Amino acid sequence: MTALQPARPEPPDKRGEPPDAPSELSPAPSPSPPSGEGAGGGFGGGGSQTPSGNQPHGRSQRPNVSQPHGRSQPHDGRQPSNRTQPPTETQPPAITLARVPFPTVDEISRHCLDDSQPETVHIEVHLPGRVDPARLRTAFHRALARHPRILMRQAPVRWWHRHYTWQLTAAPDVDPVDFPPPGPEALARARRRALDACPPLDASPPVRLEVIEEAGGGTVLLLTVHHTALDGPACLRVLATAAALYGGADSAPGPSPVRAAGPGTERPQADDRPAAGQRFSRPARIAAAPSRTPHGDRSGHGGRPGRSTRPEHDDRSKHDARPGHNARPAHDAPPGHGTPPGNGMLLTNLPIPPRPPRAPGQAAPYTVNDQLLVATWLMIARWNRLNAPTGPHGAPSPSTSPITITMPVDDRPRGADMPIGNGTRLLTVGFGPEERRDAGPLTADPPEPDAVARLLRRTAARTRALKAAPPGRQLGVPTTLLTAPVLPVMLRGAVTRALRTAAAPWTSTTLLSNIGRIPYPLDFGDAGRPTAVWFSAPARMPRGLTVTTASVADRIQVALRWSPALLDDAAGARLGDLFRSSLAATAWTPTPADGAAR
């Protein structure tokens, strides 16, 4: 089969472009697959199909056409995507500059793709002013050329191939920049697309930028990234370059916070030191929402098991104007059968909780990242206590399994030479017997301050030990062996999916991704600098929930993202309330003695 080329996008306007702007950066047409092979090798690229009525406006899209008679099925036994491409005669594909085998993280992600749980990273940047469409499109295309590793597509693959391959292209296959029509629901629709529809892997680049004009005069830049190809920090680096090309400001990252080496100002007491047990215990699971259990709906929404929900959100432009404001989920959709595709999401903007002052020459006793870990632990523990199954005498019987939290760590430089791709490694922070002893005070409403202080000290000790350890492989030695090109890639994929299913009970309870303070100015000239930046990571079962945080303007932007198999929108909103109160419980309050000392 051959491919239908999308309409050539308008050439970027040269207004506002720096004098040294290269002329060859206008977007190239979409590629045709190699002769005799279907698009993406018959595997559908990896992105789920965009729902009807949610197509990005202005971006070139491949039409949905029925499967042609006699077309071969995927060799890994999975159904192909509906993205098929009628023929073209005029425009050639973008030139392939190099072919790069999938790294370990990319291959594992590609093996486990599931159209019902899109592997998307959502990035949402709120600017106070309006951007010029032509200048922004030009700047973004030039930024792609400055970071050529993002210009990639998956090469067609057959079952006997030893690995998946990225084709690095000289130019984009499709224009990734889209300007949907403005309106009261424009941002909500763009968020839904970000949660439901991956950019296809068989078209370069695997990223989509939607620019939404808000009624109050601001602009939202919403990026959707296919996580098989790259992660949020890498895409943010590309956006920082685009901001520098658009506004003329330097995109160099700011200095990192100064952290003194050595222990904190508060030494853990003898009973505060974390124990080393629970290494082989199965982690706790997040309790499913009542409407997601076979016992029916106990949430007051009148739902039933398997009720379909959609990730709608309020579209309010001034997120930073109201402390603790939530972009909350909308009402549930009409009842349906089965679990709907995509994820639910809740965005909130919270103050950074205060910490005790540092002693001269010493580090703080704990970091904001430690406070976020503790807040996540408190949120899950309190949620599970409220939704624990009922025991034989009617009393709740919460699980005794330890809560464990996976934490991505990114060691890459943040400058213009930052490697583009999936560059984070995963660490697991375990909580165990000490937290069980303090379970009552910690899950109270509100949590007991002394118990929270002990948990903060233990968490700081755990994270210091993890950060002091030498960095290992991104996903460990077993996954490196699993992706060794000894067996055909399709056979390795079947083994990977089987092992993932078998290891599901030992998967961590949740994932907390703390981007931290945004290191780049992201200065878009007349449009201004961001007032808020949200990230969200995909939430797949068995975890079913991810917490992603970033910091802009001395506030924390928090995104909770969940699988509809675990939570509905009402439960997600209640979980957001628990996180807000849990984070507030980690705030340091000076005692009278502290005040006298100062």
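A residue counts as buried when its relative accessible area is under 20%. Ala229 sits at 0% relative accessibility, so it is a buried residue. Keep that cut-off in mind as we look around this predicted model. Its protein chain has 598 residues, and 54% of them count as buried.

**The whole chain**
- You can pick out 12 helices and 15 strands in the protein chain.
- Take the contacts between residues at least 6 apart in sequence: 78% of these join residues at least 24 apart.
- The chain exposes about 24,900 Å², with carbon and sulfur atoms supplying 57% of that area.

- Ala229 is in the loop between strand 7 (219-226) and helix 4 (232-247).
- Leaving out residues up to four places away in sequence, Ala229 touches Asp106, Met152, Trp166, Leu201, Pro206, Gly421 and Asn422.
- Pro205 is 24 residues from Ala229 along the chain, and the C-alpha atoms of these two are separated by 9.2 Å.
- Thr120 belongs to strand 2 (residues 120-127), and it counts as buried because its relative accessibility is 0%.
- The side chain of Thr120 makes a polar contact with the side chain of Arg561, at 2.7 Å.
- Not counting residues up to four places away in sequence, Thr120 also has a list of residues it touches, including Ala194, Cys198, Val225, Pro538 and Arg561.

**Aromatic rings**
- To describe a pair of aromatic rings, you give the distance of the centres and the angle of the planes.
- Searching the whole structure turns up 5 aromatic pairs.
- Trp159 and Trp160 form an edge-to-face pair, 5.9 Å centre to centre with 85 degrees between the planes.
- Both of those residues are partly exposed: Trp159 has a relative accessible area of 42%, and Trp160 has 47%.
- Tyr246 and Phe524 make a tilted pair, 5.8 Å centre to centre with 50 degrees between the planes.
- Tyr246 lies in helix 4 and Phe524 in the loop between strand 12 (510-517) and strand 13 (532-536), so this pair ties together parts 278 residues apart in sequence.
- Tyr246 is buried, with a relative accessible area of 5%, and Phe524 counts as buried at 0%.
- Ring pairs also link Phe102, Tyr164 and Trp166 into a cluster; Trp166 is one of the residues that Ala229 touches.

**Out on the surface**
- Val486, Leu487, Leu491, Val495 and Leu499 form a nonpolar surface patch, with about 420 Å² of accessible area together.
- One of them, Val495, is in helix 10 (residues 489-502) and counts as partly exposed, at 34% relative accessibility.

Notes:
Residues are numbered from 1 along each chain as its sequence is written. This is a predicted model: local features need pLDDT of at least 70, side-chain atom pairs count only at pLDDT 80 or more; totals for chains, interfaces and linings use all residues. Side-chain values use heavy atoms; hydrogens and water are left out. Helices (H or I, at least four residues) and strands (E, at least two) are DSSP runs, numbered from the N terminus. Buried means under 20% relative accessible area, exposed over 50%, partly exposed in between (1.4 Å probe, protein chains only). Contact means heavy atoms within 4.5 Å. Accessible areas come from the Shrake-Rupley method with a 1.4 Å probe; for residues, only the protein chains shown count as cover. A polar contact is a pair of N or O atoms within 3.5 Å; within protein, one must be able to donate a hydrogen and the other to accept it, and residues adjacent in sequence count only if both atoms are side-chain atoms. Patches are made of residues with over 30% relative accessible area and no salt bridge: like charges are joined within 9 Å, nonpolar side chains (Val, Leu, Ile, Met, Phe, Trp, Tyr) within 5 Å. A salt bridge is a side-chain nitrogen of Lys or Arg within 4 Å of a carboxyl oxygen of Asp or Glu. Rings of Phe, Tyr and Trp (its six-membered ring) pair if their centres lie within 6.5 Å; planes under 30 degrees apart count as stacked, over 60 as edge-to-face and the rest as tilted.
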